[in-house]
Amino acid sequence: MALNRTPLIAGNWKLNLDHLQAIAFVQKLAWSLGDAKHDFAGVEVAVFPPFTDLRSVQTLVASDKLPIAFGAQDLSAHDSGAYTGEISGAFLAKLECSYVIIGHSERRTLHNETDEVVAAKVQAALRHSLVPIICVGETAEDLETHGPSAVPVAQLRAALAGVNSAADIVVAYEPVWAIGSGQAATPDQAEQVAAALRAVLVELLGDDVAAKTRILYGGSVKAANIAGFMREPNVDGALVGGASLDLDEFASIARFKQHVGL
Ligand code: PEP
């Protein structure tokens with residue numbers, strides 16, 4: 001964690017919580033963090049509900065002025081047209097989403113999203129002033145064959161094709177073998193890949209963008225292990241899956257500074 005970058009703790013709910021559950025969850029999360037005097041300006045907290053929850057979350061956040069950011073788990077590469085079932089960046093921007101997750105490993109593997117599709121979705125997000133959270137990460141097989149950084153670095157290069165140096169982006173390093181497995185990477189492993197990803201940002205987007213871009217770690221993050229990741233200089237937050245559905249656990253992850261005096 002570098003002092004010039006605001007850490008981001010992002011909860012990817014995946015296919016969980018309907019719109020009524022989402023309202024209750026976000027309300028309680030804001031109360032719980034508020035009661036604990038969470039420094040929202042110092043550590044940003046964001047949730048990524050299913051599409052059908054977003055309007056409810058937007059309305060709640062706006063009406064109660066909650067200091068919780070939100071975004072979508074995916075978007076279409078297209079802005080409008082005959083694309084049944086797709087959701088455009090324009091629609092997400094209208095719902096006041098700040099962020100959109102792109103290229104999550106579940107989209108890449110279960111929905112055959114290629115690097116080209118990921119790059120097109122990054123462009124779509126940027127067209128609508130949404131901050132893309134670009135997910136990259138290697139499988140266990142990639143790790144054995146190519147080492148830890150090669151695949152995430154190649155995925156990031158591909159995702160940034162056509163992105164210019166004015167872009168506001170977030171990168172999430174999520175080793176596929178660590179997602180939902182209970183076996184997180186070590187802080188050292190996360191730092192090594194995050195440093196390699198930052199070097200790509202320097203090369204493609206320049207020093208200033210690289211210095212301000214947040215790189216998150218994701219993969220079995222819990223309250224018990226977040227502090228170790230946040231001590232690393234190139235890790236600026238976490239993309240949290242399973243633990244983001246447990247309110248106390250997620251709030252505790254967001255309050256990582258309290259764990260060990262960071
Ligand atoms: C994820 O799916 O982005 C993720 C990191 O999941 P988990 O925290 O459950 O490993």
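**Entry 1: Lys65**

I began with Lys65, which counts as exposed because its relative accessibility is 72%, over the 50% cut-off. The model is a predicted one. I placed Lys65 in the loop that runs between helix 2 (54-63) and strand 3 (69-72).

**Entry 2: Leu17**

I then turned to Leu17, which also is not a glycine and has a positive phi, about 75 degrees. I found Leu17 in the loop between strand 1 (8-12) and helix 1 (19-35). Is Leu17 buried, exposed or partly exposed? I noted a relative accessibility of 23% for Leu17, so it counts as partly exposed; the buried class is under 20% and the exposed class over 50%.

**Entry 3: the ligand and its shell**

Next I looked up what lies around the ligand. I counted 14 residues surrounding the ligand, and the closest are Lys14, Glu174, Gly180, Ser220 and Gly242. By type, the residues of this shell divide into four nonpolar, eight polar and two charged. I also checked the space that the ligand takes, and it is the second largest pocket.

Which atoms of Glu174 lie 2.7 Å from an oxygen atom of the ligand? I found that the atom in question is a polar one of the Glu174 side chain. For Gly241 I noted a backbone N or O atom at 2.8 Å from a ligand oxygen. For Gly242 I noted a backbone N or O atom at 2.8 Å from an oxygen of the ligand. I then looked up how much of the ligand is covered: taken alone it exposes 290 Å², and the protein buries 95% of that.

**Entry 4: Ser244**

From Gly241 I went on to Ser244. The side chain of Ser244 reaches the backbone oxygen of Gly241 at 2.7 Å. I placed Ser244 in the loop between strand 8 (237-240) and helix 11 (247-254). Ser244 has 0% relative accessibility and therefore counts as buried.

**Entry 5: Ile253**

I followed the chain to Ile253, which is found in helix 11. Is Ile253 buried or exposed? I recorded 0% relative accessibility, so Ile253 counts as buried. I also took the C-alpha to C-alpha distance from Ile253 to Gly237: the two are 16 residues apart in sequence and 9.7 Å apart in space.

**Entry 6: Asp53**

Asp53 came next, and I found it in the loop between strand 2 (44-48) and helix 2. Its relative accessibility is 0%, so Asp53 counts as buried.

**Entry 7: Leu75**

Last, I looked up Leu75, whose place is in the loop between strand 3 and helix 3 (89-94). Leu75 has a relative accessible area of 2%. Buried means under 20%, so I put Leu75 down as buried. From Leu75 to Gly34 I noted 31 Å, C-alpha to C-alpha, and a separation of 41 residues in sequence.

Note on methods:
Residues numbered from 1 in each chain as written. Predicted model: local features only at pLDDT ≥ 70, side-chain atom pairs only at ≥ 80, totals over all residues. Heavy atoms only, no water. Near = heavy atom within 4 Å. Polar contact = N/O pair within 3.5 Å; in protein donor to acceptor, adjacent residues only side chain to side chain. Areas by Shrake-Rupley, 256 points an atom, 1.4 Å probe, with all protein chains shown as cover. 1 Å grid on protein atoms, 1.4 Å probe; cavity = no way out; pocket = protein on both sides within 12 Å on 5 of 7 lines; lining within 4 Å. Sits in = over half its atoms within 2 Å of the grid points. Nonpolar A, V, L, I, M, F, W, Y, C, P; charged D, E, K, R; others polar. Helix = DSSP H or I, 4+ residues; strand = E, 2+ residues; numbered from the N terminus. Buried < 20%, exposed > 50% of the residue type's maximum accessible area, 1.4 Å probe, protein only.
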